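Subject: Structure for your review

Dear colleague,

Please find below the structure that I am passing on to you. My notes on what was found in it follow directly after it.

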Amino acid sequence: MAPTGSRRPGHSRRAQYGTFLNYLLAVAGAAAGGALLIAASSDATVFSGIRGTATDLAAPAGEAGAGARTESQGLLRALGAFFTKGSRVAKLEREVAEARVRLVEAQALHEENRELRALLKLAQSEPKPVASARLIGSTASSTRRFALLGVGSSQGVAPGMPVISPLGLIGRVLEVGRSSARVLLITDSQSIIPVRRASDGIVALAVGNPDGTVHLKLQSLGLNPLKAGDAFVTSGSGGLFRPGIPFAVVAKPTRDGAIARPLSNPASTDFVIVEPQWDEAGGDPTLPAPAGAQ
Amino acid sequence: MALPLPKPIREIGRKRINRAPSPLLAIAVPWLVVMGGSLSPVWPVIASAPVLPPIGFLLLVAWEQLRPGIFPVWAGLPLGLFDDLYSGQPFGSAILLWSVAVILLDFVETRFPWRGFALNWLFAAAVIAAYLFLAQALAQPGLLAEPLAILPQLGLSILLYPLIARLVALFDRFRLIPVREV
């Protein structure tokens, strides 16, 4: 049937009012969206409860897919590695030989460190993990970077806890449901993490970029000392993350810092660990108490 | 070109005498398909950059273009609400943008009724581009300096649109299979 180009359904008053009401509802819907947006921007936690329930409901489906995801990533990498095998095996063997020597040195240092700490009567400070779980999804089509985690408040997970993979920091818990949680990834533009250079402790703030890198902003002005390949770890200031979690490697120095590539890749991570907040674990006993603590 | 369906499914609609489409399927399938697209954050894809097209929105646009009027004009409110629960955008952004998009698509349908697929694709590309840019602006107010970050996603979304339209056509055939005896 040829379209008429008219919204008028006919002579029936009832049908005409029905059409009008539909448009009225549509515009009211758009207005409601705008109002909710303003409410959400003034207080981002307003809708965390309803979101938590929604992710709880969808989490089982995500759990089922999470294993398949890590396996397919591994398969792709194995296929790619096949073609460059020879040269890389030689290189890796050389690196392993070097790393073995370093490992022995590191063990010696670890032992020495333990003795020195015992001498100073400092407690060993590896916090006990709260839970370990799979990342079950991420907001891959939004410019905000969140991931969904398969554990929630019933396993003791609370907002603010750091989420760590074997390769480095993933992010921190932002909202929790009963059996799922929403993780703010380190590449989100709202994520600001205090870090320091692993070699000499130059401090910087790491802010996420929308393209999956992080921007390191140096705290002190002057000549930019960063070079490509510098490794950064968390500095522990601010109280959320314990010091020394591997974070990112500098890819390209800029005028006020550097663009760095995160060490952890949430896509190829099988299990991640949720740790308690550093503050709750007792804080860093080598520092004076924070202002206003007494 | 017709997409081949598995044989048992093809057999379902074979008997056409005394058969009519099930009203439940005919009405529910478009809503469920769009909601399934909105669930893409729990699909097994984890990205550290925004690369995945907004599948739910693409499906909504494709349904509106294939079957104008299949969704009421206010469909942006419930569908956007569902999308907001999972998308990671600030709550309300999809309600607002999807409502506006459905009203706009309805306007285009009444104003320019005769369109080919190329024109549909062009128009869908414009709608998707506007949606992605506005969604970024709503998600990160004050960060408009980096509109380049969504260009890969935009290109992928526009290239994926014909495939999504084909998928929607498949679901449309499924929706209207005569399964109910009358």
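In chain A of this predicted model, strand β3 (residues 162–165) and strand β12 (residues 271–274) run antiparallel and are joined by 2 bridges. Within this pairing, Ile164(A) stands opposite Ile273(A) of β12(A). Strand β12(A) also pairs with strand β1 (residues 131–138) of chain A, again in the antiparallel sense, over 4 bridges. Here Val274(A) of β12(A) is the bridge partner of Ala131(A).

The side chains of β12(A) alternate along the strand.

On its other pairing, β3(A) is joined to β4(A) in the antiparallel sense over 4 bridges. Val163(A) stands opposite Gly171(A), which belongs to β4(A). These strands are part of a barrel in chain A that 6 strands close in the order β1-β2-β5-β4-β3-β12, with antiparallel pairing. On average, neighbouring strands of this sheet are turned by 45 degrees against each other, direction ignored.

Chain A holds another barrel, in which 6 strands close in the order β6-β7-β8-β11-β10-β9, and the pairing is antiparallel here too. Strand β6 (residues 192–197) and strand β9 (residues 231–234) of chain A run antiparallel and are joined by 3 bridges. In that pair, Arg197(A) stands opposite Phe232(A) of β9(A).

The domain assignment of chain A gives domain 1 as residues 85–124 and domain 2 as residues 192–263. Their C-alpha centres lie 23 Å apart.

In soluble globular proteins, nonpolar side chains tend to be buried together. The largest nonpolar core in this model has 48 residues, and those with the most contacts inside it are Leu149(A), Val173(A), Val183(A) and Ala206(A). Strand β4 (residues 168–176) of chain A gives the most to this core, namely 5 residues. Neighbours within four places in sequence left aside, Ala206(A) is in contact with Ile186(A), Ile193(A), Val195(A), Val214(A), Leu216(A), Phe247(A) and Ala248(A). Another core, of 44 residues, lies apart from the largest one; among its residues are Ala30(A), Leu96(B), Ala139(B) and Ile164(B).

As regards the interface, 51 residues of chain A are in contact with 49 residues of chain B. On the side of chain A that touches chain B, the elements that give two or more residues are α1 (13–42), α2 (48–83), β1 and β2 (146–149) of chain A. The largest share of that side comes from α1(A), with 13 residues. By class, this side of chain A has 27 nonpolar, 18 polar and 6 charged residues.

Finally, chain B has 7 helices and 2 strands. From the N terminus on, its elements follow the order α-β-α-α-α-α-α-α-β. Of the 182 residues of chain B, 42% count as buried. Among the contacts in chain B with a separation of 6 or more, 74% are between residues 24 or more positions apart.

Yours sincerely

Terms used: Residues are numbered from 1 along each chain as its sequence is written. Chains are lettered from A and ligands numbered from 1 in the order in which they are written. This is a predicted model: local features need pLDDT of at least 70, side-chain atom pairs count only at pLDDT 80 or more; totals for chains, interfaces and linings use all residues. Domain bounds come from an automatic or database domain assignment. A residue is buried if 20 or more other C-beta atoms lie within 10 Å of its own, exposed if 12 or fewer, and partly exposed in between; C-beta atoms are placed from the backbone. Two strands pair if DSSP finds at least two bridges between them. Two residues are in contact if their C-beta atoms, placed from the backbone, lie within 7 Å. Ala, Val, Leu, Ile, Met, Phe, Trp, Tyr, Cys and Pro count as nonpolar, Asp, Glu, Lys and Arg as charged, and the others, Gly among them, as polar. A nonpolar core is a set of buried Ala, Val, Leu, Ile, Met, Phe, Trp, Tyr and Cys residues joined through C-beta atoms within 7 Å. Axes are lines fitted to C-alpha atoms, for helices over the stretch in contact, and angles run from 0 to 180 degrees between N-to-C directions.
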